[in-house]
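Please examine the sequence and the model below before reading on.

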Amino acid sequence: MKRICYCFMMHIPNRLRRYRFFEIGSNHYYYDDMQTEEQVTRMVQQSYLPLGQTLTDMIRLSKGKFHCAIAISGTTLDLMEQYAPEMIDVLKQLADTNCVEFVAMPYSYSIASEYNESEFTEQLKKQKEKINELFSQSSTTLWNTELFYSDDISLLAWKLGYKTIMTEGAKHILSWKSPNYLYLSAVQPKQRVLLRNMTLSDNLTFHFSDSRWPDYPMDAEKYIHALTQLPDTEELINIWMGAETFGIWQHAETGIFEFLKALPYYALEQGMTFVTPSEAAKQLTGGERVSVPETISWAGESKDLSVFTGNDLQQEALQKLYAVVERVHLCKDRRIKENWLLLQDINHMHYMNHIDQGSTSYESAYDAFINYMNILADFLQLVNEQYPDTIENEELNSLLKTINNQEKEIVSLKQEIDKLRKKKK
Amino acid sequence: MKALMFGWEFPPHILGGLGTACYGLTRGMSLQQDMDITFVMPRPMGDEDQSFLRMIGANSVPVPGRGCIEFSGRYPDNLVEEIGNYEQVAAVLARQEQFDIIHSHDWLTYPAGATAKHISGKPLVIHVHATDFDRSRGHVNPTVYAIERRGMDEADHIICVSNLTRQTVIEKYGQHPNKVSTVHNAVEPLADADTYVKHPRKDKLVTFLGRITMQKGPEYFVEAAARVLKRTQGVRFVMAGSGDKMAETIDLVARRGIADRFHFPGFMRGRQVQELLADSDVYVMPSVSEPFGISPLEAMQVGCPSIISYQSGCAEILHHAIKTDYWDIDAMADAIYAIVKYPAMYKSLSELGRQEVNNIRWEDAGKKVRTIYDNVLKQN
């Protein structure tokens, strides 16, 4: 029996405003709220809302047999609460059906899993709280930013309680093997690894309305029929994509929403079922182990980190950013904490790529770097004001411990005084 | 294919970018097996490299009734008279020489090209390296404009060094877009590029290089520098070159109170130029209007990061250079600050920029010109 696992990823970055170097130290607001709001409105109106409606319909029409997952970052939920609360309501409705799993994800869509373990942990914790608060769910399946995955990440995720992890069915790790199975981590055989079916997923994103595509025009019956042609042993087909495939990449006029809506009917007719990632992991036993020594992702041609960390600009920015992670963790200042999260959004590094800049609003990679570094300089200055970098991290830790323990010490000393006074009497 | 070219200057004796461009282009074209170029110029000095073309000095062509005419070969006060004399020589050559097409470089040689066309009946291609709109920030000289306009009207095809210039030719000179093409300039490879080194020094060096005239936007460089110096020490600014805005520029530097950080070493030539560029951390070209602008490419050849204005033609083909509007001193200052502050910025621009310019070849520009020749001849 074939299982289809759909997952839709939603993330909208906070756009940075134009920040000149002479503002460093005097202006601590970094965001272009107008542009961000415009993006949120556009994404929600054109894509997320109609998609949410379509998913609701699919669940209703299939009498709860259609299941799927949504991966949405905490910062995006924050933006929706601010600019598009109606979207939160739709997501809550979906959660209430018990047919949609909200998988775990780093809160600010960061690359923390590569740079700092404790930051990665923090972000997952914060995200968990957010999802639990809004949707009363607590998934143990992880969609790391850009589907970053490696043996190291596997160990880390397992330690943090994530039993299943989602990543790209990258050719260079699979070679001749098919992604349509449940795999196990090579370093933690209990951990389940789900692999995205690249071709079937990307076809919808990039080719659905492309008249030069051999399978054009695609319809739901044809699509499901193609799945039935896969070998019987291939039991799990992971079709995951950015939610903006629906309505932005492929406009509503292409019929993409109707296509999606018709899928359950044909799939159920063929005896297939729909599963969430956690259900897939539970239902299947899994066999082969997949070893991933170098981090993979779903980005670019090379399916690795290079889109985000491949050039000197990106490396300098990331290195400067994560150099202060310990100090930020010590900070109590709300604004610092907030900025810290937003500056980690991997999109800022994407804009610094010379070839593929994603959905940038900058003139060039250099322009993106200049602006980001100016903002980062101001941010680092603020962190430094709280905890000067002339003090070593370790020293700082012990000083803070002393301060935090002061109260306890005062109490115990008072008690001692009282005792002595009593004695004296 | 035989081309009769009219030029005004040729290396090593050059006064501006025109000679360098003519040299590069003819050399690039000479790599085509069946290409024969006869290059006419007013007054060759004898030490020009003639290995890939045949050179004729206008001052050694006897004109009936006048004999050989003297030329200064520069840009003298009686320039219009000299242009006329050049035209008379062209009339003689049009009868003597064998050629398929005529190619005139810049406005000084348009009349010569047009006359040669009338006499020989061969098609005329003119090459616009600059227009008077670039040189004068819009206040055109009517005599120059008339000469340019007539040349363009007479031409069978017009080649411009950038889309920016092409737009000027279409809009300000009323030429039909179909008749006007862009062939971007390239840069000669620098054989001894590795011999130029960056000397370690405490202060960062930000350089302006070129004529200090209205067209080059020197005041924007000074204003950007003032902004940078307000924030950071350890940066010095060099303005190499001379021109009619020099005194005014020095004045501005003094008024901004940054004279201690500014240096005016005067006009530089030859190896000095590359040495200064290689030693600089940033090269800035804030030109108000630059048809192409070869110097950022020369800076990048020796690994110096460049900041150029969008109003420069070369901005159309460069990716690994920072581009700002010439008037946007905030953006310019921001870019200077980033390059001197962040090693990754310098390194990327330096390394990737060098790779980029090494791939901009005259040979390719030459092929484009050849395609234009072929099309013009087909139409005739």
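This is a predicted model: local features need pLDDT of at least 70, side-chain atom pairs count only at pLDDT 80 or more; totals for chains, interfaces and linings use all residues.

Two residues are in contact if their C-beta atoms, placed from the backbone, lie within 7 Å.

Ile336(B) and Phe369(A) touch the most other members of the largest nonpolar core, which holds 228 residues. The greatest contribution to this core comes from α17(A), with 11 residues. A nonpolar core is a set of buried Ala, Val, Leu, Ile, Met, Phe, Trp, Tyr and Cys residues joined through C-beta atoms within 7 Å. A residue is buried if 20 or more other C-beta atoms lie within 10 Å of its own, exposed if 12 or fewer, and partly exposed in between, with C-beta atoms placed from the backbone.

## Conventions

Local features require pLDDT of at least 70 and side-chain atom pairs count only at pLDDT 80 or more, whereas totals for chains, interfaces and linings use all residues. Residues are numbered from 1 along each chain as its sequence is written, and chains are lettered from A and ligands numbered from 1 in the order in which they are written.

## Overall form of chain B

Chain B contains 13 helices and 13 strands; helices (H or I, at least four residues) and strands (E, at least two) are DSSP runs, numbered from the N terminus. Its radius of gyration is 21 Å, close to the 21 Å given by the globule rule for 380 residues, so chain B is as compact as a globular protein of that length. The radius is taken over C-alpha atoms, and the rule is 2.2 Å times the number of residues to the power 0.38.

The C-alpha trace of chain B spans about 65 × 40 × 40 Å along its principal axes. Of the 380 residues in chain B, 47% are buried.

## Domains of chain A

An automatic or database domain assignment divides chain A into domain 1 (3-290) and domain 2 (306-386). Their centres, taken over C-alpha atoms, are separated by 25 Å. In chain A, 26 residues of domain 1 are in contact with 21 residues of domain 2. On the domain 1 side, α4 (112-115) and α5 (117-135) of chain A are the elements that give two or more residues.

## Contact between the chains

Chain A contributes 13 residues to the contact and chain B 16 residues. On the side of chain A, the elements giving two or more residues are α13 (312-322) and α17 (365-386).
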